[in-house]
Amino acid sequence: MTTVTTRTAPAPTAATRRRRRRNALVGWSFVLPNLLGFAALTLVPVAGTFVVAFTDWDSYSSPKWIGLANFRRMRHDDNFWTALQNTCWYAAGHIPLTLAASLGLAVLLNQKLRGVGILRTAFFFPYVTSLVAVAIVWNMLLSPDIGPVNQLLRHLGWSHPPGWTTSTDWSLPALILTSVWRDMGYYMVLFLAGLQTVPAELYEAARMDGAGPWARFWHVTMPGLRPTTFFVTVMLTISSFKVFDLVQVMTEGGPGRSTLVLSQLIFREGITHGRFGYSSAVSLALFVIVLAVTLAQFQIQRRSER
Amino acid sequence: MNTTAPGRERPRTTPAPAPPAAATVSRRRTAHAAGRALLYLFLVLLAVAILLPFVWMAISSVKADRDVFTVPIQWVPKSYRWRNFTDIWKQIPLATYLGNSLLLSAVITFLQVLTGSFAAYGFAKMRFPGRDALFLGYIATIAVPWQAYMVPQYIIMDKLGLVNTRWSLILIQAFGAFGVFLMRQFYLTIPDEISEAARLDGLSEYGIWARIILPLSKPALASLALLTFVNTWNDYMGPFIYLTDNDLWTVQIGLRSFIGQYDAQYAMIMAGSVISVVPILVIFLLGQRYFVRGIATTGIKG
């Protein structure tokens, strides 16, 4: 990063030029081992999606350029619209709930309380555990007739509690519930890191001005956390749109198609059925949606900063 | 919400409320203490509620199947069936699954840390044309959902004949952008004067990386290693797509298929879940602060 060696020379001599070239080579040599693997297995596939999406290509045939035909097919594909809708609903539930839960936890746990470390660990733990185990346990907990959750709800006076993962209306909320429970600890850590950057003097000053806890939260914490909140929202958006593991293990997209999400459709079309072309078209759609939502978030962020 | 030592006064420049009388101050302090006690109680209860699924999992794993779902729930089992933990090894090749998970996680973690920290040195401490554009490419793919390029990646693996081998998973996860990003963030905080001094002492760039930067970045290396290990151990989709042979399966895939086959053996399913979580629990508790630091590092933009 420093230019100590070169900055002193006003015009590059042959020697410095040689040294610079050698430095560049050494620099590249550091990056190269990772870059080769990364290029072959990430960059090329990313670019590949943009090409394969415009071809008719099955696992048994050779690729044939067909222009926008895959996208026309997508427009008439019920599965695509269902998956898109479900993905959006999932995001609409998962993003605000996780945001609120993780922010709330972080603010409450950002205090000098005895054993606060243990509490943080407890909230963080679900994120670390294997998703499969977690999904299995939640499936059992949410079991409609005998599951502990519905036992509790009945006890609280809800005589016909939801059918959760066995009901087409409640399967998506069940997934959202589980995912919020699992993810909030992770984003809590990000918020806790963000809270460290809010200057303590601001709290002191607000206190002097007679601001209560709520006023301090709205006028000091929230503005101070703006970069973190933005970052977390973007991360949550990306992770919501690519949700797969949880859905695959808990509901496999069912019952019916009530929890079919875009990444499952991509998986089914592309890998189960070997329809590479169409699957890549759906991938491209997912990519464009995530990009559009993220760019929109950047726009809103920039406008609100002005 | 910040707690500062009471009684610290500071000259006021802005109009402030009238100074409170002594009685109100002490009343406010009692209210404050009561508020904190309530908050404390609330947080403890919430933490218990959050961890309850794990408690239920652990308790269910030593019950008989018929006792797992009873109304009301038996928080203390009527009888303990420790056999669940021995029988499951006979019903499914759990040792093979655990071995596969361990092998994949270890190899991928090693490669990710090695190539990631090496590349990060190039990005953080060296200057070469195209560096910043290239790094942007790395960052951008972190934001691209894997699903968006999973199929072309699969086709490449298929053409290379690596589908249904461990190589497929090792290759797609060992050269991740994440490791490069995390390590670069950390290297940027190491002052350049240190490497400059080493350079003057005649150390090559590779020597600086190996003998100065790596030892200095132990906490960051630990963070990356732990995050990668846990992610690989817990990964479901990768092995689900690439591994079809039962003897290559990881514990996640094995466990998921076990439910498919024996969905009424609740207690044993819970025993399997416990076994799949325990290694992660141990690693997590040992390296907790590195986890948190790693996550926090990636959340701070640089």
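This is a predicted model: local features need pLDDT of at least 70, side-chain atom pairs count only at pLDDT 80 or more; totals for chains, interfaces and linings use all residues.
Residues are numbered from 1 along each chain as its sequence is written, while chains are lettered from A and ligands numbered from 1 in the order in which they are written.

What does Arg256(B) pair with? Its salt-bridge partner is Glu252(A), and the closest N and O atoms of the two are 2.9 Å apart (a salt bridge needs a side-chain nitrogen of Lys or Arg within 4 Å of a carboxyl oxygen of Asp or Glu). This pair crosses between chains: Glu252(A) sits in the loop between α12 (245-250) and α13 (262-272) of chain A, and Arg256(B) in helix α13 (residues 251-261) of chain B (helices, H or I, of at least four residues and strands, E, of at least two are DSSP runs numbered from the N terminus). Glu252(A) is partly exposed, because its relative accessibility is 44%.

Over all chains, the structure holds 9 salt bridges. Within chain B, Asp87(B) bridges to Arg83(B) with the closest N and O atoms 3.2 Å apart, and Asp87(B) is buried at 14% relative accessibility. Asp132(B) joins Arg131(B) at 3.1 Å between the closest N and O atoms; here Asp132(B) is exposed at 53%, whereas Arg131(B) is buried at 10%. In chain A, a network of salt bridges links Arg73(A), Glu269(A) and Arg275(A).

Now for the interface as a whole. In chain A, 96 residues are in contact with 105 residues of chain B, contact meaning heavy atoms within 4.5 Å. About 9300 Å² is buried between the two chains, with carbon and sulfur atoms giving 73% of that area (the accessible area, 1.4 Å probe, that two parts lose on being put together, summed over both). The count between chain A and chain B is 1 salt bridge. Helix α2 (residues 14-52) of chain A gives the most to the side of chain A that touches chain B, with 22 residues. That side divides into 62 nonpolar, 25 polar and 9 charged residues.

Aromatic rings are the last stop, with 41 aromatic pairs over all chains (ring centres of Phe, Tyr and Trp, for Trp the six-membered ring, lie within 6.5 Å; planes under 30 degrees apart are stacked, over 60 edge-to-face and the rest tilted). Trp57(A) and Phe276(A) form an edge-to-face pair, 5.5 Å centre to centre with 85° between the planes. The two are 219 residues apart: Trp57(A) lies in the loop between β1 (55-56) and β2 (64-65) of chain A, and Phe276(A) in helix α14 (residues 276-305) of chain A. Trp57(A) is buried at 14% relative accessibility, and Phe276(A) is buried with a relative accessible area of 6%.

Phe118(B) and Trp209(B) are also edge-to-face, 4.8 Å centre to centre and 80° between the planes. Phe118(B) belongs to helix α4 (residues 94-125) of chain B and Trp209(B) to helix α10 (residues 205-216) of chain B, so the pair ties together parts 91 residues apart in sequence. Phe118(B) is buried at 16% relative accessibility, and Trp209(B) is buried at 11%. Finally, ring pairs link a cluster whose members include Trp138(A), Trp181(A), Phe54(B) and Phe284(B).

Note on methods:
Side-chain values use heavy atoms; hydrogens and water are left out. Buried means under 20% relative accessible area, exposed over 50%, partly exposed in between (1.4 Å probe, protein chains only). Ala, Val, Leu, Ile, Met, Phe, Trp, Tyr, Cys and Pro count as nonpolar, Asp, Glu, Lys and Arg as charged, and the others, Gly among them, as polar.
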